[in-house]
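Open the model in your viewer and keep the selection tool at hand. This tour goes stop by stop.

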Amino acid sequence: MGSIKGIACVFLLVSLIFIALPASLSAQNTAAPTTLSAELSRLQAVAVNSARSTTDRLSAFLLMGRLNQLSGDSEAALKAYEGALVLAPDNGRALVTMAQFLISIGEHERADAALSALLARERERSITVQGQYLGALLAAFRSGNTRHLAAQADDPDFAAYRSGIYYTLWRITGVASWERRLVTEFPQSPEAKIASGDVRFPATPLWFLFNGRSDFNFADAASHPAESQAQVQPSPPTAPARQPAPAGNAQASSGRLLQAGLFTQEANASALAQRLRSSGFQPLIVPRQLNGRNHFAVCVHSGADVNAMLARLKSAGFDAFPLP
């Protein structure tokens, strides 16, 4: 199995990418640029204004979430997306956006709940297809089950997601034919650029779920490799003190690291580590930086057999995947 965590975020915020809004919400003086804080303040005022239409308020919440997400403020993004769902709990666009974001930060259970609500009834076809794609991705990331994702690879309904599908299947399964299809059919895609080594990236999951990824300037990255690499390489995490393996269990500290959870709060990571420990595993907490923010990854060493340990974790109720 290839490295799932190698699927990485490669967006550079040279400028903010704005979602199209209703005319009543998006009218701006395009001659004068605005700051991120000013735009967020404007959107906040619209979002909480009960005199505005639900459509305007919902769009404001979703755009606030996206701007915060692209600028690396995951907590503010989550709060904005939650606000959208409080306003319109069954809105398909809000549900699919929330599910996409939750997958990108590793909140798999909540993402699954959002997708279940999304797919529970008939919706606009494009929303349903995106939800099905995200569901297949989630299954692949949680358990390594790529069956649904592979079925989508040749389904014309999922043509818009095909480069991401190829890339994910290649990185998870390690099957070279998926990489060949990627670079042959989509040579200019962000995924193909990463596969061919033209772009280096920070190690965060699901980079292709971020809107605006296609606006990354690959020509600039190729012509200024040293500069672009310095911009996108993450700060190296500080290696934690390794917990000693118990006697008679030499595999407990060998093999690859399998990530069972990723949290912004260390207390939540510690709680999962304790659950793993109570189930007979030897977890460790690895500090990581994602999008410039501190996170805590809860990991278990695989020992000699990655698949066997993944299966053991799964049977104990824990979803995990290998880190690079």
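Select strand 3, residues 293-301. Of its 9 residues, 7 are buried, so the strand is largely enclosed by the rest of the structure. Buried means under 20% relative accessible area, exposed over 50%, partly exposed in between, with a 1.4 Å probe and protein chains only. Strands (E, at least two residues) and helices (H or I, at least four) are DSSP runs, numbered from the N terminus.

A word on the model: it is predicted, local features need pLDDT of at least 70, side-chain atom pairs count only at pLDDT 80 or more, and totals for chains, interfaces and linings use all residues. Residues are numbered from 1 along each chain as its sequence is written, and side-chain values use heavy atoms, leaving out hydrogens and water.

Look for F263: F296 of strand 3 stands opposite.

Next, the nonpolar cores. Each is a set of buried Ala, Val, Leu, Ile, Met, Phe, Trp, Tyr and Cys residues joined through side-chain atoms within 4.5 Å. The largest has 54 residues. Select M64, Y133, L134, L149 and I165, which have the most contacts inside it. Helix 7, residues 125-143, gives this core its largest share, 9 residues. A second, separate core has 17 residues, including A260, L276, V300 and A320.

Stay with M64. Beyond neighbours within four places in sequence, M64 is in contact (heavy atoms within 4.5 Å) with L40, L43, Q44, A47 and A80.

Show helix 6, residues 108-119, beside helix 7. How do their axes cross? They come within 10 Å and cross at roughly 150°. Axes are lines fitted to C-alpha atoms, for helices over the stretch in contact, and angles run from 0 to 180 degrees between N-to-C directions. The two helices are therefore roughly antiparallel, a label for angles over 145 degrees. Among the residues that meet are L115 and L118 in helix 6, and L134 and L138 in helix 7.

Last stop: N68, in helix 3, residues 54-70. Is N68 buried or exposed? N68 is buried, with a relative accessible area of 9%. Not counting residues up to four places away in sequence, N68 touches L40, D73, A76 and A77. Select S37 too: its C-alpha atom is 10.0 Å from that of N68, though the two are 31 residues apart along the chain.

Zoom out. The protein has 15 helices and 4 strands. Of its 324 residues, 47% count as buried.

Definitions and conventions. Pairing = 2+ DSSP bridges. Parallel < 35°, antiparallel > 145°, perpendicular 65-115°, else oblique.
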